[in-house]
Amino acid sequence: RNGAKPLVLLSYSEAFFSYLKLSLMLGLVAALPWVTFEMWKFIAAGLFDKERRAVRPFLPVAFLLMASGVTFAYTVLIPVGLSFLGGYGDPELLQATFTLKEYLSLVFTLILGMGIVFQLPLVMIFLTRSGLMEINTFRENRKYAIIGAVLLGAMLTPPDVVTQMLMAGPLVILYELGIIACEMTAPKPRENEFERGQEESL
């Protein structure tokens with residue numbers, strides 16, 4: 001970026017291993033659709049046809065949410081968070097120098113963290129459809145969800161309020177969207193009665 005300071009190398013091998021790590025991460029991201037498809041074939045072999053049909057529509061949604069989280073981290077969270085952290089302090093008293101290893105490690109953590117965090121609506125749908133949680137439970141525990149979002153943002157981001165809130169804010173929004181998605185995908189009472197009738201007949 002324009003005006004950005006060059007990164008510092010503290011060892012001869014740091015640049016080589018940093019680029020190797022970057023290549024491995026990009027390769028993993030590029031191969032993720034194929035890896036997920038192979039994992040799905042392995043899991044689907046032990047599922048009934050009804051269970052396969054129920055899970056299959058959520059696979060594209062998972063990819064979309066993952067891509068959204070990575071995009072948000074790369075375009076918003078990383079530029080704003082690193083600019084805040086890098087510009088913190090009096091430049092006349094402090095001279096900031098950043099290593100390539102630390103920079104890539106922080107970027108990978110933020111990108112991977114946001115990609116996982118954006119899967120929250122799917123997790124909530126799975127919990128409600130499997131009967132482990134009820135939609136009213138999510139509604140009644142909003143305040144705890146907000147506290148958990150802030151704590152998770154504090155664990156996955158550097159120790160500053162800006163990046164912490166940039167991660168906690170979307171997490172709270174995703175929690176609310178997850179409640180709406182649970183309501184939209186919840187089985188109707190007639191469907192439940194029909195399934196119960198089939199189970200009793202068997």
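Among contacts between residues at least 6 apart in sequence, what percentage join residues at least 24 apart? In this predicted model, the value is 78%.

**Figure 1. Overall fold of the predicted model.** The protein has nine helices and zero strands. Read along the sequence, the pattern is α-α-α-α-α-α-α-α-α. Of the 202 residues in the protein, 25% are buried.

**Figure 2. Close-up of the largest nonpolar core.** This core has 17 residues. Phe72, Leu77, Met114, Val117 and Phe118 are those with the most contacts inside it. Two or more residues come from each of α3 (58–86), α4 (100–117) and α8. A second, separate core has eight residues, among them Ile135, Tyr175, Ile179 and Ala181. In soluble globular proteins, nonpolar side chains tend to be buried together.

Figure 3. Helix α4 has 18 residues. From its first C-alpha to its last, α4 reaches 26 Å, close to the 26 Å expected at 1.5 Å a residue. Leaving aside neighbours within four places in sequence, methionine 114 is in contact with Gly69, Phe72, Ala73, Leu77, Met167 and Pro170. Of these partners, Phe72 and Leu77 are also listed among the residues with the most contacts inside the largest core.

**Figure 4. Packing of helix α5 against helix α8.** Helix α5 (residues 120–129) and helix α8 (residues 161–185) pack at an angle of about 40 degrees. Their axes are 8 Å apart, and the crossing is right-handed. On the α5 side the contact involves Leu120, Pro121, Met124, Ile125, Thr128 and Arg129. These meet Leu171, Leu174, Tyr175, Gly178, Ile179, Ala181, Cys182 and Thr185 in α8. By class, the residues of this contact divide into 10 nonpolar, three polar and one charged.

Figure 5. Is threonine 128 buried or exposed? Its relative accessible area is 17%, so threonine 128 counts as buried, the cut-off being under 20%. Leaving aside neighbours within four places in sequence, threonine 128 is in contact with Met133, Glu134, Ile135, Phe138 and Cys182. One of these, Cys182, belongs to the α8 side of the contact with α5, and another, Ile135, is included in the second core.

**Figure 6. Packing of helix α7 against helix α8.** The two helices pack at an angle of about 145 degrees, with their axes 8 Å apart. Helix α7 passes α8 in a right-handed crossing. From α7, the contact is made by Arg142, Ala145, Ile146, Ala149, Val150, Leu152, Gly153, Ala154 and Leu156. From α8, it is made by Gln164, Met165, Met167, Ala168, Leu171, Val172, Tyr175, Glu176 and Ile179. The contact has 14 nonpolar, two polar and two charged residues. Leu171, Tyr175 and Ile179 of α8 also meet residues of α5.

**Figure 7. Proline 158 in the loop between α7 (142–156) and α8.** Proline 158 has 12% relative accessibility and therefore counts as buried, the cut-off being under 20%. Leaving aside neighbours within four places in sequence, proline 158 is in contact with Leu85, Leu106, Leu110 and Thr163. Which distance separates proline 158 and threonine 109 in space, C-alpha to C-alpha? The two residues are 10.0 Å apart in space and 49 residues apart in sequence.

How values were computed: Residues are numbered from 1 along each chain as its sequence is written. This is a predicted model: local features need pLDDT of at least 70, side-chain atom pairs count only at pLDDT 80 or more; totals for chains, interfaces and linings use all residues. Side-chain values use heavy atoms; hydrogens and water are left out. Axes are lines fitted to C-alpha atoms, for helices over the stretch in contact, and angles run from 0 to 180 degrees between N-to-C directions. Helices (H or I, at least four residues) and strands (E, at least two) are DSSP runs, numbered from the N terminus. A crossing is left-handed if the near helix is turned anticlockwise from the far one by less than a right angle, and right-handed if clockwise. Contact means heavy atoms within 4.5 Å. Ala, Val, Leu, Ile, Met, Phe, Trp, Tyr, Cys and Pro count as nonpolar, Asp, Glu, Lys and Arg as charged, and the others, Gly among them, as polar. A nonpolar core is a set of buried Ala, Val, Leu, Ile, Met, Phe, Trp, Tyr and Cys residues joined through side-chain atoms within 4.5 Å. Buried means under 20% relative accessible area, exposed over 50%, partly exposed in between (1.4 Å probe, protein chains only). The expected span of a helix is 1.5 Å times one less than its number of residues.
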